[in-house]
Amino acid sequence: MNIEVFVTRDLPMEPQVFLAAQALLNGQAVIFPTETVYGIGVDAIDDAAIDHLISIKRRPDNKPFPVMVRDLAMAESLVDLGAAREIAKDYWPGPLTLVLPAKTQLADACIQNGTIGIRCPNHPVAQAILNIAQIPLAVPSCNPSGQQPATNAVEVRRMFMGADIAYRILQADPTEGTPTTVLKIEPTKWTVLRQGRISAETIRSYLPQGVDLSA
């Protein structure tokens, strides 16, 4: 099965989105838009699905997959938010990935040194899929490792023509293109691992007392 469907921001809940969520629950891979770039998602708890994603992405073993959640409550079941709770409350859903201590065991490819990179997307299609599937998803950017992420339907098709992907959910307009800000949270230091739409100055306003920011 390899199904391609166009959606719009006004119609994210059409039946194909439900079928795409079911494909994820069945261990298959789905491409869908987010507010930043396109992503390729699989069940973050299914080892076989993760192995399939590694094969599709041709991803190095030492680079963990980020995890998408539907809301703060799902995030709290996976990671210890700690001092990052306030910035998560204010910027989720949105283009912020937080690297936090893991509380539960996902697939090994989603965890590095006991931490998970986690975010809640602010895009109606991504949110619809997460709300229907109700599972955390491993969702790296839609590109073979080493290439720029796809931001439109043409790039998605070019990069993954013939790949074993159950659904390609595409939209008529390009995605925004700027990747998420990635922020690693540690007890005495917060580190901006990747600069995105949320600036270091904005992050600085959330620092707990005695914690430094490395940007």
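I started with strand S6 (115-119). In this predicted model, S6 gives the most to the lining of the largest pocket, with 4 residues.

Next I looked up the other strands in that lining. S3 (38-43), S4 (67-68), S5 (96-101), S9 (181-185) and S10 (189-194) each supply at least two residues, as does S6.

I then took the pocket as a whole. The space in the largest pocket comes to about 910 Å³. I counted 38 lining residues. Nearest the centre lie Arg59, Lys63, Pro66, Val182 and Arg194. By class I noted 17 nonpolar, 15 polar and 6 charged residues in this lining.

I moved to the second largest pocket. Its volume is about 160 Å³. It is lined by 14 residues, with Leu100, Pro101, Ile185, Glu186 and Pro187 closest to its centre. S5 and S9 turn up again, each with at least two lining residues here.

Last, I checked the nonpolar cores. Which residues touch the most other members of the largest one? They are Trp92, Leu98, Ile118, Phe160 and Leu183, in a core of 53 residues. Setting aside neighbours within four places in sequence, I found Leu98 in contact with Ala84, Ile87, Ala88, Trp92, Ile116, Gly117, Ile118, Leu183 and Ile185. A second core is separate and has 22 residues, among them Ala21, Val125, Ala133 and Tyr167.

Conventions: Residues are numbered from 1 along each chain as its sequence is written. This is a predicted model: local features need pLDDT of at least 70, side-chain atom pairs count only at pLDDT 80 or more; totals for chains, interfaces and linings use all residues. Side-chain values use heavy atoms; hydrogens and water are left out. On a 1 Å grid over the protein atoms alone, a cavity is a set of points where a 1.4 Å probe fits but cannot get out, and a pocket is an open set with protein on both sides within 12 Å along at least five of seven lines; lining residues have an atom within 4 Å of a point. Grid points are joined across faces, edges and corners, and a volume is the space filled by probe spheres set on the points. Ala, Val, Leu, Ile, Met, Phe, Trp, Tyr, Cys and Pro count as nonpolar, Asp, Glu, Lys and Arg as charged, and the others, Gly among them, as polar. A nonpolar core is a set of buried Ala, Val, Leu, Ile, Met, Phe, Trp, Tyr and Cys residues joined through side-chain atoms within 4.5 Å. Buried means under 20% relative accessible area, exposed over 50%, partly exposed in between (1.4 Å probe, protein chains only). Contact means heavy atoms within 4.5 Å.
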